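Okay, everyone, thanks for coming.

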2 protein chains.
Amino acid sequence: MTKTPLFNKVAFIGIGLIGSSLARVLRRDGLAAEVVCSARSDGTRDKAMELGIVDAAYADAREAVAGADLVVLATPIGAYGAVAEQIGPHLAPGCIVTDVGSVKLAVVRDVDPHLPAGVHFVPGHPIAGTEHSGPEAGFPELFRDRWCILTPLPGTDPAAVDKIVALWTAAGSKVDIMDAAHHDKVLAITSHLPHLIAYTIVGTADDLGEHLKQEVIKYSASGFRDFTRIAASDPVMWRDVFLNNREAVLEVVQRFTEDLTALQRAIRWGEGDTLEALFTRTRGIRRSVIDMQQAYGSGIARPDVPKTGEVDE
Amino acid sequence: MTKTPLFNKVAFIGIGLIGSSLARVLRRDGLAAEVVCSARSDGTRDKAMELGIVDAAYADAREAVAGADLVVLATPIGAYGAVAEQIGPHLAPGCIVTDVGSVKLAVVRDVDPHLPAGVHFVPGHPIAGTEHSGPEAGFPELFRDRWCILTPLPGTDPAAVDKIVALWTAAGSKVDIMDAAHHDKVLAITSHLPHLIAYTIVGTADDLGEHLKQEVIKYSASGFRDFTRIAASDPVMWRDVFLNNREAVLEVVQRFTEDLTALQRAIRWGEGDTLEALFTRTRGIRRSVIDMQQAYGSGIARPDVPKTGEVDE
C-alpha cells in the first residue's frame, strides 16, 4: 500500500538555500509526486537538476506553476510582487501558495492582490538558515527543531493551513501561527536588528587601515568573529528584508541607539555602577534562552558550518 | 632525571575562569613546584583548594606572594592598582609579575609604579574565555591554539619575557608581542565593541514588555542568541574593561554609530544599492577570518559550552 503524497506537484519559485532544503525534504519523505522549480539563472537551474532535487527546472515561473497544487515563493522577497503578478493568472484552482520570506506584512501586501479567487495563500517563515547561499548549500535537516511561523490572513481555508502545517512538521519544525504585523515586530528585534548591527560592525572594521584590519582578522576570536558569520549572510535577501520591514526595524534601531548612547555616556563619565547593573541584567536573558533551548531542543546538526561557540575576552 | 619546573612558586591573585585555567596548565605540565592563590571570598578559596589546583589559598595577597618567583594578577583589572600597592613591598627580588587583563595601557599605568626595582613586569592578555565565571569554570585547554599578547615595556629583562612566552607556549597559545597602546586599539574593535553592542542589544530586548520579551527568547535562534552568549560574560570584568580602555572604546563606538546612522538613513529612504553594497563587502572579511582560522587553527575544544553556530533568518 503506497502512502498518498501530501502534494501532487510542488513548484518552487527560486531554489536557493531555503527552497532547495525544503525540496530535499519533499524528496526524502516522498511528500510530492512531482517537484519543479523556476530560477532566472541558467547556473541555478542546472545545479538544481544536477543535484536531483527537482524533476524539471524552468526559466519562466508561469511554466513551473502550471498544474501545481503547491507553489513555494523562495526568491528574495523584493521579487515577490512581480512574480505573483506573473504567475497569478496561471495558478490552478485550489492551489496553495506559500513563501519562506523573513518579513510577512510586506509579503501579504505584495502577493495577495495578485492571487485569483480559489487560490489559498498561507505566508510562512522558517526560522532557519546558514550564511551559505545557493541550491548546493541546502540540506534537509536545516529545519529540524526550528520554528516555522505561519501568518495566514483571517478567513483562509483551514484545510490549506493544515497542509502547510503538515509540510513543516514533516521537515521537523515546530509551527506557530500569528498575525503578520506581530511577526514583523518580533523578528525585527530577534533577527533583523542583530543582522543590521553585525553588518555595521564588520563594515566599520573593513574601513580601518589595511594593517589594522589584518590584525582585527587575526584576533577576531575575541568576539568579532561571531559578527562576521552573521554579516556573511546573503546580501540581496537581507537588503530586501530591511527595505520591507522598514518601520519595525527603524523603531528598534532607534531604541538600540538610545541605549548605546546611554552606555557611551556612562563609559565617558566613568559610571561603573550603570555598566555593571546592565551587564548583570543581561545575564538573565541568557539564562532564559538556555532554558528555552533545553525545553524545545537546541537546534540542528549542521554538517558544513564551522562551529564557533567561543566567547572571548 | 627530573625536569626542572619553569617556576618554583607561582602565586595567582584572583582565581576565576582565567586564573584557574592557567593554574590547571601548571599542574598538568608540572611547570611549578608550588602553586598558591589569594582570593577575597571564602567560597572561592575553598573551591580552589577543593579542585586541587592550588597548594594553598590566602585571603591576604601579601602572604600569597611571599617567596614567589611568578605572580599572576588575575582579578578584574579595576583591582590591580590596589593589589600592586599592597604586594609591591613583599615581592621577592627577581620575581616576575604578569597579568591576564583585557586592557594593557591602564594596567601598566596602575601596576608598574608600585613594583620595586629588580622585579620584572610582563603584562599579558590571553585572548580566550567563555561566558562562565569562577574557578570551577576553568579548564586547561582554554588557551590552546589561541593568541596571547604580551606588552612588555621597553627595557624589560628579555629573560623574564622569555619565561612568560614559555608559559603561554606550554598552555598551547600562540604568543605575540606588541606595545600596550596598539593592543588596546586592536582589542577595542575586535572585542570591546562587540561586547558593548551585545550588552546593549540584549538590554534593549530586556526592556520590552514581558510578552514580547518571552517571544524574543523563544525565537532567539534567528540571530539574537549569539548576542546573548556574549552578553552573559562577567559583569565586573567587563565594567573594568570599558572604564579602563575608555578612549579607544569611545573612538570605535563613535565610528560604529556613524556607520549605523548611515544604514538607518539608507533603510528609511529605501536606498537598496547602499545596503547591498555594504552587505556584499562584509562577506570579504568573513572569508579572511575563515582563511585565518584554517591557517592558524580554529580554536579549542570547549566541553561545557553549548554549540551555537547557527546563523538564521
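Let's start with strand S1 of chain A, residues 7-13, where six of the seven residues are buried. Buried here is under 20% relative accessible area, with a 1.4 Å probe and protein chains only, and helices (H or I, at least four residues) and strands (E, at least two) are DSSP runs numbered from the N terminus.

Quick housekeeping: this is a predicted model, where local features need pLDDT of at least 70, side-chain atom pairs count only at pLDDT 80 or more, and totals for chains, interfaces and linings use all residues. Residues are numbered from 1 along each chain as its sequence is written, chains are lettered from A and ligands numbered from 1 in the order written, and side-chain values use heavy atoms, leaving out hydrogens and water.

So which strands pair with S1(A)? One is S2(A), residues 32-38, parallel over six bridges, with Phe7(A) partnered by Ala32(A). Another is S4(A), residues 70-73, also parallel, over four bridges, and there Ile13(A) sits opposite Leu73(A). Pairing needs at least two DSSP bridges between the strands.

In chain A, 20 residues of domain 1 contact 16 of domain 2, contact being heavy atoms within 4.5 Å. How many salt bridges cross that interface? Zero, by the rule, which wants a Lys or Arg side-chain nitrogen within 4 Å of an Asp or Glu carboxyl oxygen.

Terms used. Buried means under 20% relative accessible area, exposed over 50%, partly exposed in between (1.4 Å probe, protein chains only).
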